[in-house]
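Try each task before you read its solution.

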Amino acid sequence: MKIWRRLALVPSLALTLASPSFGQDVESRLKALEDTTKAQRGKIEEQQRRIDELKSSPPGGASAPGAAGTAERPTPGEPRQAAGPAQEGMTAKLTGIFGGSAMTNPYISLIVNTFFYGSNLGQMELDSRTVPGFTNVPVGVNKGFNLESAELFIFAPVDPYLNLYANIPVTESGTELEEAYFVTSSLPAGLQVKGGKFKSGFGRINAQHPHAWDFADIPLNYRAMIGQEGWADTGVQLTYLPSLPVYTQFGMEVLQGKNDLLFNPDGTTPYAFTAFVKCSLDSGENSALLFGPSFATGKARITTVTDNTFFSGDTDLFGFELVYKWKPSRGTGLILQSEYIYRKQTGDLRTGDASDPASTVAPLTRAQDGIYVQGLYRIDRWRIGARYEVLDLFKKDYILSGSQQSLGAQPWRATGTLEFNPSEFTRVRLQYSRDESSRDGKANDELYLQMLLGIGAHAAHSF
């Protein structure tokens, strides 16, 4: 009986399927599914487009990757970072200067660097303290409270082909345009061009801004041979990233040569040229190694050898960087880093004014070197570190008129630091240094209590 009842339902079911209302219901459902599929496909394509933009637009130019081949993740104490120009909610379409589209909201950040500085020396001693034989430029840090700078960073894509960057530090003395440059984002074959005013790719620390340093001040070999804030110059940089099993970036620069310790041209012709190689490879499951040589050469026109002198000649600068990073977890890590720098300058040293009959000219050759070695260990929000720096390690030639000059004791410095990073936006650093770089046997026991504060979206730091 049950079978006959079920068979009786077949005609009614057939009538229902054949009715117009059922056909319309199925059609509407199919249309709804197609619309949903199209919407999802559109979202996927938009996300893929954003991913492609991020891959082709590394902030600050092509940079070596970490162990995973990407820019280093932000750590507590570093200002908030934006991975690239296509973050959701940060862009909008509008007509640009030349038509087309542009971004209404470029990334803007402000980083304040303030510190307290103490020393066993008086302020007059600090103001005259130099590194004889290397430079006559004193550090010039004032005892007590200091506002180092409030650095304004601006970054935005100009169009699908170029990104634009600017770094404008504001100090109590005024405003300076430290960097303003473009970077290409769509050249083929691993090529990238940077142009404008930017920090040279020579070495590792030179390309970093002071807020990204692992210590409150720059290492001694940089201070003595390149400058207290590194080398930023006007020119053009070309980098090439070939497809190799090991990350290897080749770079070269043509620069104006605006550096008081190295080149400092007196005309409009580019005076400095650099070349560098940066390699990065995984050295373990949780570790990576970065290394590479750098070279710079150019004409020198400087007044920083000794007081009341003018040096005219040639400068060659060699460097080698080595960095090891171990990061087994997000809250634990170790960084070991070192840079060796060798500088050779040959030319004539003029004493006094050229128009003075009593002025003298003598040939001078300086071949000098220096190195720093540092390590930092991270435990959750804390970092503890140490750094040792020494000059005249292998070469200490200061040959004036054919005679080696006696300059005094070997310059060196030892530093210890302790950091607390309450958040990604704040860093508090306590640093002590024993500085015996003045060659007179008098030590400078100096203390930094530094605070770094950052607001806004800031381009990610390189590995």
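**Exercise 1.** Arg366 is buried yet has no salt bridge; find out which backbone oxygens its side chain reaches.

*Solution.* Keep in mind that this is a predicted model.
- Start by locating Arg366, which sits in strand β14.
- Now turn to the backbone. A polar atom of the Arg366 side chain lies 2.9 Å from the backbone oxygen of Gly133, and the side chain also reaches the backbone oxygen of Phe134 at 3.1 Å.

**Exercise 2.** Work out how strand β8 is paired with β7 and with β9.

*Solution.* 
- Take β7 (residues 191-199) and β8 (residues 232-240): they run antiparallel, joined by nine bridges. To get your bearings, pick Leu191, whose bridge partner in β8 is Tyr240.
- Then go to β9 (residues 247-255), which pairs with β8 over six bridges, again in the antiparallel sense. Here Gly235 stands opposite Leu255.
- Finally, trace the link: a hairpin of six residues takes you from β8 to β9.

**Exercise 3.** Is Phe116 buried, partly exposed or exposed, and which surface patch does it belong to?

*Solution.* 
- Find Phe116 in strand β2 (residues 107-119).
- Its relative accessibility is 31%, so Phe116 counts as partly exposed.
- Phe116 belongs to a nonpolar surface patch, whose members include Trp326, Tyr377 and Leu449, with about 1200 Å² of accessible area for the whole patch together. Elements giving two or more residues to this patch are β14, β15, β18 and β19.

Notes
Residues are numbered from 1 along each chain as its sequence is written. This is a predicted model: local features need pLDDT of at least 70, side-chain atom pairs count only at pLDDT 80 or more; totals for chains, interfaces and linings use all residues. Side-chain values use heavy atoms; hydrogens and water are left out. Two strands pair if DSSP finds at least two bridges between them. Helices (H or I, at least four residues) and strands (E, at least two) are DSSP runs, numbered from the N terminus. Patches are made of residues with over 30% relative accessible area and no salt bridge: like charges are joined within 9 Å, nonpolar side chains (Val, Leu, Ile, Met, Phe, Trp, Tyr) within 5 Å. Accessible areas come from the Shrake-Rupley method with a 1.4 Å probe; for residues, only the protein chains shown count as cover. A salt bridge is a side-chain nitrogen of Lys or Arg within 4 Å of a carboxyl oxygen of Asp or Glu. Buried means under 20% relative accessible area, exposed over 50%, partly exposed in between (1.4 Å probe, protein chains only). Lys and Arg count as positive and Asp and Glu as negative; His and the chain ends are not counted. A polar contact is a pair of N or O atoms within 3.5 Å; within protein, one must be able to donate a hydrogen and the other to accept it, and residues adjacent in sequence count only if both atoms are side-chain atoms.
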